[in-house]
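Reader: I would be grateful for a close look at the nonpolar core and the aromatic rings within this structure. Please set out the terms as you use them.

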Amino acid sequence: FVKLTYVVRGNSLFNLNHKTYELPAGSLVVVGPNTVQSFFAPHDEDLVLNIIMRSSSFEKMFLPLIMESNELSDYFWQMMYEKDFSSILLFHCPHNREIHHLALQLYYESQINRNHSLLIINSYILLLFAQLIRNHIDDVQKLSGSGSQRATSNIFKYITEHKAEVTLAKTAEHFGLSIGYLSRYIKSRTGYTFSALVQKLRLKEAAYLLINSGLSVEEIVYRIGYTDLSNFYRVFKETYQMTPGEFRNLYS
């Protein structure tokens, strides 16, 4: 599960990796799956909301969010493709009335309204993330787990930034690793081969460009590093269950 925790009133104590953080009202934390952590509201007047979502729902239900290019979308991509992912994002947004309103609306719709709508709940969550991206993405604080997770994050970031021309050999050379070791490491940490992971990232970039640019499909294919147009069409349709043209018409 993915958990969103929002401090509505007062403050909360957040424990992660044997360290305690005091979170004032307006703090919002995105907690990835498998993250050992705890929250505690020390006073009766403190009010903290927890929103719990299945991580498997993100790629299907929040595709427009995942297609963005920012810290939050990169976080969710890493969450989906890294095994034993354990990391959180901490946002400080004490004066954002819209986020405050959306958090309360989420609580009402999911817990109070007997005729609650999953579509409305998902829409509120998407709007909440959009507010975080628009107003707070530059000062987000990332708190990660073990050293191996930080190493994976650095490798993942390098592959993402060089996805158009990246190769296993270039990546291994950049990090001073053998090709065989890096190949096994990526497979063990993500469950994907190097080439499959690069393909996922290239398709993400293609989907983003289809929604947010006027580039032709041929130009997009060239930009993301594909050399075979027909193969791109086949893989894209297998992934998104529609052609690039249909995808653009649906989401743009």
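Author: A nonpolar core is taken here as a set of buried Ala, Val, Leu, Ile, Met, Phe, Trp, Tyr and Cys residues joined through side-chain atoms within 4.5 Å. Buried denotes under 20% relative accessible area, exposed over 50%, and partly exposed in between (1.4 Å probe, protein chains only). The model is predicted, so local features need pLDDT of at least 70 and side-chain atom pairs count only at pLDDT 80 or more, while totals for chains, interfaces and linings use all residues. Residues are numbered from 1 along each chain as its sequence is written, and side-chain values use heavy atoms, leaving out hydrogens and water.

The largest nonpolar core has 31 residues, of which Leu 28, Val 30, Leu 72, Phe 76, Phe 91 and Phe 129 touch the most other members. Several elements supply at least two residues each, including strand 4 (27–31), helix 3 (71–81) and helix 5 (118–136); helices (H or I, at least four residues) and strands (E, at least two) are DSSP runs numbered from the N terminus. Helix 5 gives the most, with seven residues.

Rings of Phe, Tyr and Trp (its six-membered ring) pair if their centres lie within 6.5 Å; planes under 30 degrees apart are stacked, over 60 edge-to-face, and the rest tilted. Tyr 75 and Phe 76 are edge-to-face, 5.5 Å centre to centre with 70 degrees between the planes. Phe 76 and Phe 129 have centres 5.3 Å apart and planes at 65 degrees, so this pair is also edge-to-face. Because Phe 76 lies in helix 3 and Phe 129 in helix 5, the pair ties together parts 53 residues apart in sequence.
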